[in-house]
Amino acid sequence: MTDDFKNPVIGGVFADPDLCFVDGTYYIYPTTDGCTDWSGHEFYVFSSKDGRHFQKENRILDVASDQVLWATGYAWAPCMAQKNGKFYFYFCAKDRTGTSCIGAAVADSPVGPFTAQPEPLLTMDMMAVNGVSMGQVIDPSVYQEGEDVWLVFGNGGAAAVKLTEDMLHVREDTLKNITGMKDFCESAIVFLKDGKYHFSWSCGDTRSEDYRVNYGVADSLFGPVTFVRTILQKDVEKGILGTGHHSILRTPGEDRYLIAYHRFGTPLEKYPQKDKGWNREVCMAQLEFDDQGYVLPVSVK
């Protein structure tokens, strides 16, 4: 696959893409966009053999239905992991009190059908009990190191927690805030390369054209993170605004990294200013590194 991506890579308005690779196929798990105040309630998955042309697959979950017993809607920012021959889908939804939580579901295939757990995996009450600071329990991403699998998550404060062997529960004794991410808002992503933890995270409000991704490194999963640079931001001359909420995939067997992210839907004039923040589209690019091994700014197109 070349890095000659024709963006957006999936049709329609979707956001918060989680990019995965399973048995020769690329998958994107996004938020379904186009709903006022991010009120969508369905999750879909897209697949591609070449990593450039994606087609819509199954609906994974409807969080406003009895498929997710604890949830009432607001399906946001999912991610997927694979282990033990199973596929695990982590997603955001609001509970009956209107509070965002992270749930878990499991399937035998990356395109489902997924079966959700009857209770949320992570809640604000759990944060309070464990002394973890954040504004909302949202935006999970998966980080795996050896046999250990972690969820990294949070809005207004980031944290990580180790998943249990069955991938459907967490070890609360490992739950802890991550420190040092400059201007952190949400969507923390981490990968380990050359002995360093490489962190990237979204800054600002997704309704703002200045929504962007900062990047830094650390010696520990919990930081402190040293800021290096902003790696993803708007390009006004190209009509590309609101770039953020990304995922990063290292393609198996290669030292090659891809980033998937969202931006305001294009052409920009198609959507009124007040609606741009929930009419977003998914894009991709290849990451490049400088001589020090740090991620370079992404050339958006």
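In this predicted model, the largest pocket has a volume of about 730 Å³. Its lining is made up of 24 residues, among which V142, Q144, I248, L249 and R250 are the closest to the centre of the pocket. Two or more lining residues are given by each of the strands β1 (14-22), β5 (73-83), β9 (141-145), β13 (186-193) and β17 (244-250). When the lining of this largest pocket is sorted by class, 16 residues are nonpolar, five are polar and three are charged.

The second largest pocket has a volume of about 270 Å³, and of the 18 residues that line this pocket, W38, W76, I138, E186 and T206 are the closest to its centre. The lining of the second largest pocket divides into six nonpolar, six polar and six charged residues.

Apart from its neighbours within four places in sequence, K94 is in contact with W70, A71, T72, G73, Y74, W76, T99, S100 and Q136. K94 is buried and yet has no salt bridge, the nearest side chain of opposite charge being that of D95, which is 7.9 Å away, whereas a salt bridge would require the charged atoms to lie within 4 Å.

A further buried position is G51, which has a relative accessible area of 0% and is placed in the loop between β3 (42-48) and β4 (55-62). Because its relative accessible area is 0%, G51 counts as buried, the cut-off being under 20%. Between G51 and G11 there are 40 residues of separation in sequence and 14 Å in space, taken from C-alpha to C-alpha.

Definitions and conventions. Residues are numbered from 1 along each chain as its sequence is written. This is a predicted model: local features need pLDDT of at least 70, side-chain atom pairs count only at pLDDT 80 or more; totals for chains, interfaces and linings use all residues. Side-chain values use heavy atoms; hydrogens and water are left out. Helices (H or I, at least four residues) and strands (E, at least two) are DSSP runs, numbered from the N terminus. Buried means under 20% relative accessible area, exposed over 50%, partly exposed in between (1.4 Å probe, protein chains only). Lys and Arg count as positive and Asp and Glu as negative; His and the chain ends are not counted. Contact means heavy atoms within 4.5 Å. On a 1 Å grid over the protein atoms alone, a cavity is a set of points where a 1.4 Å probe fits but cannot get out, and a pocket is an open set with protein on both sides within 12 Å along at least five of seven lines; lining residues have an atom within 4 Å of a point. Grid points are joined across faces, edges and corners, and a volume is the space filled by probe spheres set on the points. Ala, Val, Leu, Ile, Met, Phe, Trp, Tyr, Cys and Pro count as nonpolar, Asp, Glu, Lys and Arg as charged, and the others, Gly among them, as polar.
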